[in-house]
Amino acid sequence: MSWHRVFALSCVVSALLLCASFVQDVVLYSGTKAALSGKIWLLDVDSEESAFTWLSVIVTFSAAGLLFRAAGEASMRNGSFKWHWYFLAALFLLLSFDEFAGIHEKISAALSSRVHNTGLMYFAWAAPAGIISLVGLAAFVPFIRSFPQRLAVLLMISAGVFLSGAVGFEMIGGSVAEVEGVESFRYRILTNIEEGLEMAGVLIFVYVLLSCLEDTEITPRIQAIS
């Protein structure tokens with residue numbers, strides 16, 4: 001089976017699981033009181049035990065594998081961006097672990113106990129993570145510009161989509177959670193959007209990686225972007 005079919009299947013399954021989570025929340029909150037006792041946790045994108053979470057683990061871990069492959073190719077030729085590849089590979093390995101371990105939630109809890117957090121800063125980890133991400137993205141501009149134009153644009157889109165979910169909607173969701181709680185309907189909808197954007201960002205990134213590695217003459221392609 002070609003990677004195009006596997007990638008398309010991953011996109012379809014992700015969309016279906018996200019829609020299932022949306023529908024479940026709408027149904028649970030359709031009455032005068034949320035019937036949370038009837039929730040199917042396997043369909044809840046915000047649950048570490050959900051099918052969506054485990055698919056996200058697989059996708060981010062696959063991205064890490066592809067990045068290590070590209071890093072190895074660049075390293076053999078002493079490419080100027082080989083350490084960028086390795087850094088991204090390690091980052092996505094950490095992201096895949098975070099998907100089921102909830103590292104960022106533990107960091108947020110630790111920060112919250114030390115600072116006064118409210119409003120958009122309710123989830124204390126989000127703003128610092130956003131600043132670090134933007135600085136890191138700026139540092140990777142030369143790396144991104146080394147890609148063919150179409151793929152460079154897709155890389156920027158993938159970063160923008162992912163960060164809008166992981167940081168932007170996380171901060172908006174935090175301001176709602178502070179007032180209404182994490183079991184409110186508005187928070188649940190924002191969480192679905194957040195998780196959907198994160199998955200979309202990673203999938204776009206994986207598409208870029210697979211496109212780069214697709215050529216049978218992989219050596220010239222790696223040289224061209226490293």
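User: What makes Arg188 and Asp44 count as buried or exposed in this model?

Analyst: This is a predicted model, and in it both Arg188 and Asp44 are buried. The cut-off for that word is under 20% relative accessible area. Arg188 comes in at 3% relative accessibility, so Arg188 counts as buried.

User: Why is the contact between Arg188 and Asp44 called a salt bridge?

Analyst: You need a side-chain nitrogen of Lys or Arg within 4 Å of a carboxyl oxygen of Asp or Glu. For Arg188 and Asp44 the N to O distance is 2.4 Å, so the pair passes.

User: What does the pair of Arg188 and Asp44 tie together?

Analyst: Arg188 lies in helix H8 and Asp44 in the loop between H1 and H2, so parts that are 144 residues apart in sequence get tied together.

User: How do you know that Arg188 and Asp25 meet in a salt bridge?

Analyst: Check the distance again: 3.4 Å, N to O. The limit is within 4 Å, so Arg188 and Asp25 qualify. Arg188 sits in helix H8 (residues 185-213) and Asp25 in helix H1, so this pair links parts that are 163 residues apart in sequence.

User: How many salt bridges does the structure hold, and which residues are linked in a network?

Analyst: There are 5 salt bridges in the structure. The network links Asp25, Lys39, Asp44, Asp46 and Arg188.

User: Why are H1 and H2 called roughly antiparallel?

Analyst: Helix H1 (residues 3-28) and helix H2 (residues 51-76) pack at an angle of about 150 degrees, with axes 10 Å apart. Angles over 145 count as roughly antiparallel, so H1 and H2 get that label. Their crossing is left-handed.

User: Which residues make the contact of H1 with H2?

Analyst: From H1 you have Ser10, Val13, Ser14, Leu17 and Leu18, and from H2 there are Ala51, Phe52 and Leu55.

User: And what makes up that contact by class?

Analyst: The contact of H1 with H2 has 6 nonpolar, 2 polar and no charged residues.

How values were computed:
Residues are numbered from 1 along each chain as its sequence is written. This is a predicted model: local features need pLDDT of at least 70, side-chain atom pairs count only at pLDDT 80 or more; totals for chains, interfaces and linings use all residues. Side-chain values use heavy atoms; hydrogens and water are left out. Axes are lines fitted to C-alpha atoms, for helices over the stretch in contact, and angles run from 0 to 180 degrees between N-to-C directions. Helices (H or I, at least four residues) and strands (E, at least two) are DSSP runs, numbered from the N terminus. Angles under 35 degrees count as roughly parallel, over 145 as roughly antiparallel, 65 to 115 as roughly perpendicular and the rest as oblique. A crossing is left-handed if the near helix is turned anticlockwise from the far one by less than a right angle, and right-handed if clockwise. Contact means heavy atoms within 4.5 Å. Ala, Val, Leu, Ile, Met, Phe, Trp, Tyr, Cys and Pro count as nonpolar, Asp, Glu, Lys and Arg as charged, and the others, Gly among them, as polar. Buried means under 20% relative accessible area, exposed over 50%, partly exposed in between (1.4 Å probe, protein chains only).
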